[in-house]
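Me: Could you walk me through this structure, one question at a time?

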2 protein chains.
Amino acid sequence: MISRVSTICASLLIAASGASAQWPSIFTTKAEAAQVRRGAGAYPLLGRSLEEARAIVRQALARPIDVPQPGEAGGYAHERHKQNYREMYLAGLLYTITGEQRYARFVRDVLEKYAVLYPTLGAHPLSKNQAPGKLFHQSLNEANWLVHTAVAYDCVYEALQPAERRRFETTVLRPMADWLSVTQAKEFDRIHNHGTWATASVGMLGYVLRDTSYVNRALYGTKRDGTGGFLRQLDLLFSPDGYYMEGPYYIRYALMPFFYFAEAIHRRQPSVGIYAYRDSILKKALYSAVQTAFPNGVFPPINDASRTMAIDAPEVVLALDLAYQRYGADANLLGAAAIQNRVVLNAAGLAVARDMAARRSPPAMSWRSIEFSDGHDGKRGGLGILRMGEGRGSTMLLMKYGVHGEGHGHFDKLHFVLFDGGREVVPDYGFSRWINIEPKFGGRYLPENDSYAMQTVAHNTVVVDQTTQNRADFDAAEAMWGQRHFFEADSVHVKAMSARAPGYYEGVDMQRTMLLVRDARLPYPVAIDLYRLTSDASHTYDYPIHFRGQLITTNVSYTANAARREPLGTAHGYQHIWREAAGTTDRPVQLTWLDGNRYYTTTTSAAPATEVIFGRTGANDSSFNLIVEPLMLIRRRATDHLFASVIEPHGYFSEAEERSEQARPRIRDIRVLSSATAATVAEVTGDNDLRWTIMVNNGPASTTARHRVTAGGATYEWTGNFAVRGVQRATSDAR
Amino acid sequence: MISRVSTICASLLIAASGASAQWPSIFTTKAEAAQVRRGAGAYPLLGRSLEEARAIVRQALARPIDVPQPGEAGGYAHERHKQNYREMYLAGLLYTITGEQRYARFVRDVLEKYAVLYPTLGAHPLSKNQAPGKLFHQSLNEANWLVHTAVAYDCVYEALQPAERRRFETTVLRPMADWLSVTQAKEFDRIHNHGTWATASVGMLGYVLRDTSYVNRALYGTKRDGTGGFLRQLDLLFSPDGYYMEGPYYIRYALMPFFYFAEAIHRRQPSVGIYAYRDSILKKALYSAVQTAFPNGVFPPINDASRTMAIDAPEVVLALDLAYQRYGADANLLGAAAIQNRVVLNAAGLAVARDMAARRSPPAMSWRSIEFSDGHDGKRGGLGILRMGEGRGSTMLLMKYGVHGEGHGHFDKLHFVLFDGGREVVPDYGFSRWINIEPKFGGRYLPENDSYAMQTVAHNTVVVDQTTQNRADFDAAEAMWGQRHFFEADSVHVKAMSARAPGYYEGVDMQRTMLLVRDARLPYPVAIDLYRLTSDASHTYDYPIHFRGQLITTNVSYTANAARREPLGTAHGYQHIWREAAGTTDRPVQLTWLDGNRYYTTTTSAAPATEVIFGRTGANDSSFNLIVEPLMLIRRRATDHLFASVIEPHGYFSEAEERSEQARPRIRDIRVLSSATAATVAEVTGDNDLRWTIMVNNGPASTTARHRVTAGGATYEWTGNFAVRGVQRATSDAR
């Protein structure tokens, strides 16, 4: 590590001194800007993006400039300072593109006001546990400001008088960079997205000012030894596959400083080879982000995450355009860009818009199934994503078996999420936070984030003895991770993944195997779930399925808590779930609900005295913080148990058209034929003589080992980690 | 009435005998079809509509024709017969447009199968209280079949052999027309949309077969005296304004037979002057339908109605295109057609598509405020709609003060609905029915339609003593109607409507005055509600506001039923509402919620010991039939009381952008200064020195009378039914 850093250090000095004296140079150049100007007329996506920028700045020019005294998070002053840097950024780019002086004057005039205010400020008084900024309550926001302002300043640099530059640099820009990299050195060196923002902002300013001291600090940390700094972040924040340990919601945010600074390094200091660094880790980072997205572009809200953050976020637009330009054109990235419907205003955005315009219609975003390893060494479990179908209508099944994910992690090992028919139909609750809504606890994380959203029962994974995994102990959870068993997605008709989570509950081993199966007798791919629990002692196993929309029907005879309702428990998230109804059955359990234009039915294998509970979030929620949604919970008391389930999308409903088709499932049953240490065999039966035999190797993973199981007088033989017999292939199947 | 009918009868005989011998003639002609063919290439809307039709029929041609034995409502056979007539209809039109024989052959082949099946059928065994059909459980569906098949038959008539025609007419078409108009004579003569469908189907077939006996029966009823029949329907089913007594969801359905038959009459028997009949009542009917729609095109779900039925329903597409052609081009109709995004495949659709193509961008649908009188005589109260703004973003406030609306009516006099920001933010529950979803009670009306959806508390109108209006007695409700007081919507800044409902509760008089106010200090128009109750005795008045989305905050100190929840009552709908929290206050009541991208705050005037209850639907709902949604209920025990409220849309929220602005209201208070028999005076105060004085005349309506009220030492004087002082006008206000 250190030797690599030294080599790079040496080359840096040469590159920096030999660099062109022209501005702008860190994100665009005069020549590029001229191409953008011409391209805007020819390529609609670029034209629209430019027009949007003009509209925003037009409004800014029409208003008096306001650089207010710092205020609380989410308040007027906070938002105003955010808006100011966004407007400076766009005005700077518009100046290079159009040459219109008013844009440069605007950036200058805003900076003049900061030049007056900033020297009067000390540390923000309202920072709580965060490292404070001066304009903002946390230094993170200050770094956001400086990243954008560095680009703006680069763009208008040559339009400013030397005295103006001197004033801005001595009153605002250098003091802020010093605050971020010297006063807040610890935050600066932190291997965390806060550190990424800080290093990027200081490094970008360093390039604009041609100050190698800032640049070196940014690249190699305050000690210049590579124990902190931007390159170290690239080493540690991603798994070798580019998966970001905190999950897709957070990589979204981190992509911006990673790519802004990388682009500046690439332009100012090409010898670093930043885009090739760590086997092109930035390419993998961008791809891993967009490849985890649901087919509609929304990021799965795993861990503490918003339910709606999507690939059209400005950070992803930036990273995608740069990746498209720097790593090569890719039709799937264009498909993602079509969802984004916006490009950045430099040569990268131009390239995307040009290639989009060359197509008759925008390509669909259709990623293949993929598994990401987790942990910086790639050896700490992973995240599996099975996909079938094309574009927005495709099916996506995600299983989570990696690391806990630091402070934003949830106790949700072996949790799954199913996306189908354009919707997250078996969802993740996401965070419990009304982000930035001041009356909701200042827009911060709510107490229910801890008491519900983070708990195991808020997820689609088994809860043992009504207790959260690791007994909700953060340190215990951080110290372990899931174990991948196998991930095989090459077949068109059957794709499978399997993982284990031992030790999350004392004395209980868990293994989950999930499959996507496409059969010509069914209109949509079907998910199969084999959740195996083994223990020497007897436990209560709760198997939850969260859903949205309306409960349509169930085959379970239940008693409804129709006139009086109480919570399902007192702790570990159960206190937030109303018990709506419950019943006991020895038969397979079926539940059908309606979500959007499609019906969904789960069919779970029969077991004696299975309790089925219907619940709804919202109990013990005096402040109306929770989102009210239904769930079903299948409860079994056992030592070893296998929950075998099928989730089947079916039919069609449109209230507006008053049309309903096939509201009943075609799958009738799933039976466990054998569940043992070596292997699991299950059988799914349904209409039209549907009969699938599902065989899974529970022993050491191997694609070549032969297996033989005898159960109920029959013998089942297969080779490899799994096999499914009896699937009827469609005549015209793609991938 | 009778004399007019006789005159028309005489002219009919002449017109019919002199009509052209060519087919098709009731909906299109060969010449028109040729124009449609040419226009499809030039006008995208027509081209797309034609392509959609082709795609549907392409699938039909690829499948074996199936004409199954009749089955239950919503089942396969039922849906198959529906699909068969839709496909015949489209194939017939495609034949005239393209001349391709395969389309005519398809219609013939389908009819051949019906010619075999139909003679074997008796009355459908599964009809319940309905008049039975033979193919379908109710004759209504049989009439749907015949309307469409009449058009199809007209289109392919000349392509059929005389023997084929004879066979189809003697085995299916005439027997069905006879079934509908002779066997089911009572249904045929009924002044109801079922009667409209029956008469239209028989009349249209009559024109195709050149059989004046069918035509006369259809126009004048089975007795040929005008006591039944199509013209009588036009006389009685609409108010003079064209408002349909059952409400917009039902007129949507009835528009199809009204317009299909009218178009056939116009073409075959122009002397009837059908489009001019009753002062162009069909024009008014179409306009009243689209003018009651929300700005997004969805019909307000008043009475038993779907929440999502919209103007893009095929019935409205047909009626709108014909109205556009027959009554003259109208930019607002084009705006509605843009939402429909589809046209019919004759000259009317061609005209709409042509005029749409001539515009750079589709016009917005921006109706003005309008009041509809109710009852066939127009003297039975009405429906008031205040609007501000343009297109989809406009605000719409609807108040309901007409007749009960027959069997589908709800006990909801003085109920209001508010639409803002593209959403129904203070909603109507609509019907309790999962329409056509077989596992949900066969897709029929659910018991909760009676026990909840129809009850007063399910609406946004005051409930007295926790009892439904008219004690939920249908006959009592049918015997009375609301009384309009005034409706004045000419001002740009303040629009108002007022109505009374005496007698709906014994000994209690109710008057509701609602206003829309636009003030330059507020970003969106604001609704003001003055709900006045007077009685000699003391009553409990419950003022409900239903909402969707998330409760954000309230200024009421409440105790939450956080760990145990019970229903709010035992009857009149209260048994279906969970009591979530409640508090008592002497201060003004404020509640803020989030719906979509906007916040909404209701501010209600202070009164001593006001109880505030937060509830949620879903109690006593063992079958999970209800939709779970929140409401607030403000409860006062009093003799006379005025609930004065402001509903203020404010701010902006996007979770995906993580942006929240102005989550707190600007309106601070509304105070009642005087509430008396003669007049009401209230004052609204808010930020930026906002202070409105609202003065309303409660005595006999007059736009010229002068009023003078002394209250709290001040004197308030105004002329006319209402005045609002203190509204700050924006510099650039339209309408």
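Predicted model: local features only at pLDDT ≥ 70, side-chain atom pairs only at ≥ 80, totals over all residues.

Me: Happy to begin with a helix pair: how are H15(B) and H16(B) oriented to each other, parallel or perpendicular?
Reply: Helix H15 of chain B covers residues 331-340 and helix H16 of chain B covers residues 347-357, and they pack at an angle of about 95° with their axes 10 Å apart. Angles of 65 to 115 degrees count as roughly perpendicular. H15(B) and H16(B) are therefore roughly perpendicular to each other.

Me: Which residues of H16(B) make the contact with H15(B)?
Reply: By class, this contact of H15(B) with H16(B) has five nonpolar, no polar and one charged residues. On the H15(B) side it is made by Leu334(B), Ala337(B) and Ala338(B). From H16(B) come Val352(B), Asp355(B) and Met356(B).

Me: Let's turn to the sheet of chain B. Which strands stand at the edges?
Reply: The open sheet has eight strands in the order E7-E8-E9-E10-E20-E17-E16-E12 (chain B), with antiparallel pairing. An edge strand here has a single partner strand, so one side of it is left without a neighbour in the sheet. In chain B, this applies to strand E7 (483-488) and strand E12 (550-554).

Me: Now the two chains together: as by what kind of axis are the two copies related?
Reply: Chain B is superposed on chain A by a rotation of 180° with 0.1 Å of shift along its axis, at an RMSD of 0.1 Å. The two copies are thus related as by a two-fold rotation axis.

Me: Which residue of chain B comes closest to the rotation axis?
Reply: The axis is that of the 180° rotation superposing chain B on chain A. At 2.5 Å, taken at the C-alpha, the residue of chain B closest to it is Arg565(B).

Me: Finally, which residues of chain B lose the most area to chain A?
Reply: The contact involves 53 residues of chain B and 53 residues of chain A. Between them the chains bury about 4,500 Å², 55% of it on carbon and sulfur atoms. Together accounting for 17% of what the chain B side buries, the residues are Phe624(B), Glu655(B) and Glu658(B).

Notes:
Residues numbered from 1 in each chain as written. Chains lettered and ligands numbered in written order. Heavy atoms only, no water. Pairing = 2+ DSSP bridges. Helix = DSSP H or I, 4+ residues; strand = E, 2+ residues; numbered from the N terminus. Axes fitted to C-alpha atoms, helices over the stretch in contact; angles between N-to-C directions. Parallel < 35°, antiparallel > 145°, perpendicular 65-115°, else oblique. Contact = heavy atoms within 4.5 Å. Nonpolar A, V, L, I, M, F, W, Y, C, P; charged D, E, K, R; others polar. Least-squares fit on C-alpha atoms with pLDDT ≥ 70 in both. Buried area = accessible area lost by both parts, 1.4 Å probe.
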